[in-house]
Amino acid sequence: MTKQASKLKFHKMTKDTNPVSLLRAELARRKLDGFIVPRADAHQGEYVPPYAARLGWVTGFTGSAGVAVILRDKAAIFVDGRYTLQVRDQVDITVISPHSVIDEPPEQWIAANLSAGQKLGFDPWLHTLDGTERIEKACEKAGADLIACTTNPVDTVWHDQPAPPTAPIVPHPIGYAGEASSAKRARIGHEIKQLGADAAVLTLPDSIAWLLNIRGGDVAHSPLPLCFAVLHADATAQLFAAPAKISDALQKHLGDAVRIVPPETFDAALTRLGQQQATILIDRATAAVTIARQLEQAGARLLFRPDPCLLPKALKNDVEIAGMRAAHLRDGAALSNFLAWLDREAPSGKLDELTAAATLQRFREATGKLKDLSFPTISGAGPNGAIVHYAVTEKTNRLLEPGSLYLVDSGGQYLDGTTDVTRTVAIGTPTRDQVIRFTQVLKGHIALSGIRFPKGVNGAHLDVLARQFLWQAGLDFDHGTGHGVGSYLSVHEGPQNISRRPNNVPLQPGMIVSNEPGYYKAGEFGIRIENLVCVTAARIPEGGEREMMGFEPLTLAPIDLRLVDPALLNHDERAWLNSYHATVRDKLAPLVAAETREWLVNATRALP
């Protein structure tokens, strides 16, 4: 999809082939003055199937988050700090101006650029209730109207738009899930009843996959089935999924308490719930606005609460945690085999980003357990490593040159777990600047890894730990420090995170988060060190009065000691790094290839 979107960009030559021109002509036909194009599908997931990649088709931008506003005479695209460089590379900025979604949100731009009496269109399946209300206020401020389109105008002019996916939905065995779907449905159904609701409408595919112990293949890199569900307080459920996705084995797995119905009946089911004057739990932050409004217009009472599966899904059970440990063990061995290979091959100066990424994938495939990558590998050499979510293509492919840094952020999907790990590697002899910055990032990584914290602490409370040494040097990074991770589900999972953004979800035992501080020097190099960690109960120190929690590292892979200045580490930091490397060495040595073992011993040697 990345290559396709990039190719589309280079074909924007005439009004007949330029997607922005085609869209503007369609908007004029509909008597609309503009249209909002988010990177979203009806399920509001991070990864969208090709048919829903409307933002990429219109603008050429292929990042995982963004939104464009196309008006008659101007257009803008809004991205976060991860994509500041990428958006300028992929988008024709003479036609669509790039903006920071943080510094100038779309709503602010809309209020400033719409005129009184104008009509701004939007697809109500692609916006949440929260998001829609913000846009409505912006339009009201400008004296304009926000118009819900019954059909998406992008779909009208995208003549070679791919078809919706129909990958089979398959059972996810309890040996990996750790809890039967019936038990999950009873537990969540009871919570729905306790809240005074009759049912919950579930729109997030990962929530439905977790609840019903099913997996799919409708989007790249996440084993998700695109579907909707209604869970009733009595633990029965309706699954709205295309018949082509359903097998006899799946129906047997789901049992009689889960009724599978065609997706085209979803609207009618919402109307029936309204006609029954049912109280429906719905997540205003993730459900499409059209679902909420249809329920309300039909007579339902809406109870706005977070998706009831989000928190239970994040609290991994013992089976899931054991599976994650096993997945990271084999993944760490594969990554170490790759890093050893990289050290042998990179000094030649002939190795490039695409070859390195493909080789790393082959090492993971050699485990015999890999189902898919958990996301497209970020394989960035030199200045490309400074692009936070860099996507290598034939056009951008660089050699790993001596004296440069190579940043590789990658992961795998295994039946027993999902991995996500970043390592930054010196190609040849690093510069003093590279060593200092890497060590500052490492100190932040260690500070977060070793923290003890009491009940009630959330990721926003801890984020500064990873940034403090960069801040002292007048530096920072423009992405979150950590995100949740699913169990053979999405590599980015809520509701927990570690970020400066406010988050009222406390970290709890069983949650898995990433620890990934970084530093990016535009045009020169990028640094990121990422481990996944599991929140666990921590030992209470002598004299302590409260229960404490800490982080157990799951990721097992060497951290490049050539980039570490031991003089910049204190005693506790050196002790942490030596202990971590001893664990990596002891656990991986029996699993790596024979030619990797000597390399591994040296790569994990203790610092004095």
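Biologist: How many disulfides does the count come to?

Modeller: This is a predicted model, in which local features need pLDDT of at least 70, side-chain atom pairs count only at pLDDT 80 or more, and totals for chains, interfaces and linings use all residues. Residues are numbered from 1 along each chain as its sequence is written, and side-chain values use heavy atoms, with hydrogens and water left out. A disulfide is a pair of cysteine sulfur atoms within 2.5 Å, and the sulfur of Cys139 is 12 Å from the closest cysteine sulfur, in Cys149, which is too far for a bond. By this rule, the number of disulfides is zero.

Biologist: Is Cys139 buried or exposed?

Modeller: Relative accessible area decides this: under 20% is buried, over 50% exposed, and in between partly exposed (1.4 Å probe, protein chains only). For Cys139 the value is 1%, so this residue is buried.

Biologist: How many residues apart in sequence are the parts that Glu133 and Arg284 tie together?

Modeller: The side chains of Glu133 and Arg284 form a salt bridge at 2.6 Å, N to O, the term meaning a side-chain nitrogen of Lys or Arg within 4 Å of a carboxyl oxygen of Asp or Glu. Helices (H or I, at least four residues) and strands (E, at least two) are DSSP runs, numbered from the N terminus. Glu133 lies in helix H6 (residues 129-142) and Arg284 in the loop between strand E13 (279-282) and H13, so the separation of the parts in sequence is 151 residues.

Biologist: Which residue forms a salt bridge with Arg325?

Modeller: Arg325 is in helix H15 (residues 318-345), and its partner, 227 residues apart, is in strand E28 (residues 548-553). The closest N and O atoms are 2.9 Å apart, and the partner is Glu552.

Biologist: How many residues of the lining of the second largest pocket are charged?

Modeller: With Ala, Val, Leu, Ile, Met, Phe, Trp, Tyr, Cys and Pro as nonpolar, Asp, Glu, Lys and Arg as charged, and the others, Gly among them, as polar, the lining has 15 nonpolar and five polar residues, and the charged ones number eight.
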